[in-house]
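Subject: A structure for you to look through

Hello,

Please find the structure below, with the sequence beside it. Once you have had a first look, read on for what was found in it.

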Amino acid sequence: MNKSLLLLFWLLFSLPNWAQESLSVAERDSLTLLEKKCKVDQAPMQENIAFTPSLKSKYNSNEFQYEVKLAEKSAWEKFKEWLAYWFKKIFGLSDTKVSSNYVEITLKVLAGLIVIYVVYLIVKVILNKEGQWVFGKSTTKKIIHDDDIEKNLVHVDFEKLLKKTLKENNHRLAIRYYYLWTLKKLSERNIIDWHADKTNTDYLYEIQSKELKDNFQYLSYLYNYIWYGEFEMNDTTFKHAQKAFENTLQSLR
């Protein structure tokens, strides 16, 4: 009985050491087998490896960019977002995308209207043959040839024409402008119904005031005599006729 107990105790104490030795033998066998299967690099270690100068730039391409960078919004995009915000707020739109679509449509419509307006101004300038460019000073005082003055009476700046004519001492042409200016004033005051095909006698019958009728009859006489009769005047004769026209024009202002 005592021998059996001693044998049992010996086995209990020897078992861990035996197991540990078995594991060590197994690990050595595994390493030996691994070394046989693996090829060991026997090449000598290289020293002082030189890198190409362009090595850094080589890896700056899009293929090596692993962080996504958000593009900065332009001022125009920020402006459209601002408009979309106010469209949504003012019109009670349900979605920012919907308000952005309304902004796009509105901007396109405005751009179209601006283009149409600019084209209209260019065409107007070309048709009117004015010297001013599109954004020049707007005026109804158009430059009209002498042959077309009676047809465009309401658009003629007679005061400007007279200044130029008097400066040139063209007395006959000045009397013509004075007379046509008188017709324009009578038409503006609704005293006569002006028409390019009417005669001076037609206008005379339309004037109701006796005093104005007498003045107009005298002015018509001067006009016919000087312009159509090609009467050459001196300074004294012209000033007398000029005063008669200016007095009538003054009474119509």
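I would start with a cluster in which ring pairs join Tyr 179, Phe 216, Tyr 223 and Tyr 228. Rings of Phe, Tyr and Trp (its six-membered ring) pair if their centres lie within 6.5 Å, and a pair counts as stacked when the planes are under 30 degrees apart, as edge-to-face when they are over 60, and as tilted for the rest.

Before you go further, please keep in mind that this is a predicted model, in which local features need pLDDT of at least 70 and side-chain atom pairs count only at pLDDT 80 or more, while totals for chains, interfaces and linings use all residues. Residues are numbered from 1 along each chain as its sequence is written, and side-chain values use heavy atoms, with hydrogens and water left out.

The search of the whole structure finds 10 aromatic pairs. One of them is formed by Phe 79 and Trp 82, whose ring centres are 6.1 Å apart and whose planes stand at 25°, so this pair is stacked. Both residues belong to helix α3 (residues 75–91), where they sit three residues apart, about one turn of the helix; helices here are DSSP runs of H or I with at least four residues, strands are runs of E with at least two, and both are numbered from the N terminus. Phe 79 is partly exposed at 34% relative accessible area, and Trp 82 is also partly exposed, at 49%. For these words, buried means under 20% relative accessible area, exposed means over 50%, and partly exposed is in between (1.4 Å probe, protein chains only).

Tyr 178 and Phe 245 make another stacked aromatic pair, with 5.8 Å from centre to centre and 20° between the planes. Because Tyr 178 lies in helix α6 (residues 171–188) and Phe 245 in helix α9 (residues 235–252), the pair ties together parts that are 67 residues apart in sequence. Tyr 178 is buried, with a relative accessible area of 3%, and Phe 245 is buried as well, at 0%.

Lastly, please look at two loop residues. Asn 169, in the loop between α5 (158–167) and α6, has a positive phi of about 60° although it is not a glycine, and Asn 169 is exposed, with 57% relative accessible area. Asn 190, found in the loop between α6 and α7 (200–206), likewise has a positive phi of about 60° without being a glycine, and its relative accessible area of 67% makes Asn 190 exposed.

Best wishes
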